[in-house]
Amino acid sequence: MLEAPLPQGAGYAVVVGLGFVFSLGMIMTTFILRRYQKEIITAEEFVAAGRSVKTGLIAAAVVSSWTWAATLLQSCTQVYKNGISGGFYYASGATVQIILFAFIAIKAKQRAPEAHTYLEIVKARYGTTAHAVYMFFAIATNVLVTAMLLTGGSAVISDLTGMNTVAACFLLPVGVVVYTLFGGIKATFLTDYAHTIAIIVIILTFAFTTYVSGDVLGSTSKVYDLVIEAAKEKPIEGNAEGSFLTMNSRSGGIFFVINIVGNFGTVFLDNGYWNKAIASSPAAALPGYIFGGLAWFAVPWLVSTTMGLACVALEKTPAFPSYPNLLTADEVSAGLVLPSAAVAMMGKGGAVAALIMVFMAVTSASSAEFIAVSSIFSYDIYKGYINPSASGKRLIFTSHVSVVVFSLVMSGFATGLWYAGISMGYLYELMGIIISAAVFPAAMTLLSKKQNVHAVVWSPILGTAFAIMSWLVCTKKKFGSITVSNTFEDDAMLTGNVVALLSPLIFVPILTYAFGSQEFDWEILKTIRRVDETEEIIEATEPVTEDAEFQPVKSHMTAIAHDIYEQKKATAAAEEEELLRKASKIAGYTCLFMAISLLVLWPMPMYGSKYIFSKKFFTGWVTVGIIWLFFSAFIVIIYPLWEGRHGIYVSMRGIYWDLTGQTWKLREWQNEHPEELHVVRSQVSAEIAHERAGGIDQAIERLSEKD
Ligand SMILES: NC(N)=O
């Protein structure tokens, strides 16, 4: 155990204090959005944010929910262990899935416009057994990801502040739970935005301190020389010439494959990514995911190339926190490379920066996990089996309860993992073995008419069984025994992961042709319906205020929405359909091209050539990383502000009117411009989706009944 550079109080201040600040911020934001833009958190809104979120905010949400504790910590571990290739293999091995998911996102919006979770799609197509199987995989994914967030986050917080690890496991989710309960998925979009700014700024600070102007390192040339020196004393086995500065790394390559496999599972099976696709406006799904993926790439790439190498360069200097000892294998696996490097370079300031960055990553990613789990519990389990005619109010209550219960269970689980000695690094490499056999059949559910129920049910079960078996058999054969540390070895993890992802490629066609292929009618997916929000909207917009000056706009938002929809009716659904058709056409080639570039065209020639980076090339590599992170900052910080400028203006103006005693102006404006109000837009989009789903006649009937 290293001596903590910060006092325990700092740990509590960040975990509890910052959590409280974000909760307060979210409560205020929810109030502002509700008052000035009539954004009402109905059950639909809680998971789908009006299905109108724009590209920039989708990209920012993708970046922040995909930025786990592991993204920052495990990527640095890889660079520390395998050299500079580790950062690239971490980044590209987890970016392609996001980019490929863009294609699935479009298909989901096209084929099941009113779904809330991908599990509803599985159920509508294959029935209850398949639904149960995929619920297991979806929840297992959320459990694994949340466990990694809490184990990684608590290890770093405890290392930096001496805070009790169990206390960190239980306190980390508290603030997240509070702001998620208040704002639903929109809360995660907005807090994610703030978290991402902090993370990007801190990474840039680390990069400039390491490569441009710091006292301890401060130039690419110095880092290069120290890393070359370190390789002379401690060459990396399996790397070209034992160098830290080559892409030719056996262990790095193995990690690349494990990383690709595991992250297919954690994107395609995590309902959180489907939630965001569902919440996006039809025009935003494709660019949101592609820009989000590209923006995210620079986060692990630059942070690990910076802090992983800084750790290598400084671990034998007195400034290093564990000096004169090096980090133990367990400390490396727990994610302590980044905080140690931060302390060695920047002292207490570095410790504070690392603490805040890891806290932000853990909380923003776990809020997305909480929403994902709550949508499964409320829509798939509660509405699906317990109370099929559940009202929106009932569903939102179920969502809230499931967020609280899941967070408590996960805190307990993460504590258990800590006592059992299972680290974040271990879980990261294990995740593919446990879940990735469900990736191919889940994707085919939206992509292939032929895949039958036998294939969809049995392939993931068989695939996971074979994956676990081959992982353990490989460990036993190689090491003669099965222990936590043996099962963590490269070859065993590689075997299990590859079997998990690829065996369904054999099972699915065999089972499909053995039992007869399905000729699925995609229109059936359009029977999945949105929940009627009328009751919640009326309740929220009926006159309840005592402020005589501020009366609500109208009580029948749905009726106004219907009038607006009537004007657009002739073209809206067709236009949306056409937009999605075009996006789907572009998506296939774009996503494939980007995936091949990141997986093959860029790394493979560098691997094959065994090139050792020259000082100039290293400087260029780092420079590209820094420029790329500036591009990310533009996409996820500036672009959402630009896209949301009108909404920001409307809210600011409303606040000004309120503060200057001109509330009547707000009321007048809202009465005159109902089409600008979020609740109305959301209802118009609901009607368009109904029409695309062929259910418009029922929708009109329902609305006129309400009137
Ligand atoms: N999100 C990941 N794999 O860092």
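How many helices and strands does the chain have? In this predicted model, the count comes out at 28 helices and 0 strands. Of the 707 residues in the chain, 62% are buried. As for the surface, the chain exposes about 25300 Å², and carbon and sulfur atoms supply 66% of that area.

Helix 5 covers residues 85-111 and helix 17 covers residues 439-447. Their axes come within 9 Å and cross at roughly 45°. An angle between 35 and 65 degrees is neither roughly parallel nor roughly perpendicular, so helix 5 and helix 17 end up oblique to each other. As for handedness, the crossing of these two helices is left-handed. On the helix 5 side, the residues that meet helix 17 are Phe103, Ile104, Lys107, Ala108 and Arg111; their partners in helix 17 are Ala443, Leu446 and Leu447. Sorted by class, this contact has 6 nonpolar and 2 charged residues, with no polar ones.

Helix 5 also holds Ser92. With a relative accessible area of 0%, Ser92 falls under the 20% cut-off and is therefore buried. What is Ser92 in contact with, leaving aside its neighbours within four places in sequence? The answer is Phe256, Phe297, Leu598 and Leu599.

How values were computed
Residues are numbered from 1 along each chain as its sequence is written. This is a predicted model: local features need pLDDT of at least 70, side-chain atom pairs count only at pLDDT 80 or more; totals for chains, interfaces and linings use all residues. Side-chain values use heavy atoms; hydrogens and water are left out. Helices (H or I, at least four residues) and strands (E, at least two) are DSSP runs, numbered from the N terminus. Buried means under 20% relative accessible area, exposed over 50%, partly exposed in between (1.4 Å probe, protein chains only). Accessible areas come from the Shrake-Rupley method with a 1.4 Å probe; for residues, only the protein chains shown count as cover. Axes are lines fitted to C-alpha atoms, for helices over the stretch in contact, and angles run from 0 to 180 degrees between N-to-C directions. Angles under 35 degrees count as roughly parallel, over 145 as roughly antiparallel, 65 to 115 as roughly perpendicular and the rest as oblique. A crossing is left-handed if the near helix is turned anticlockwise from the far one by less than a right angle, and right-handed if clockwise. Contact means heavy atoms within 4.5 Å. Ala, Val, Leu, Ile, Met, Phe, Trp, Tyr, Cys and Pro count as nonpolar, Asp, Glu, Lys and Arg as charged, and the others, Gly among them, as polar.
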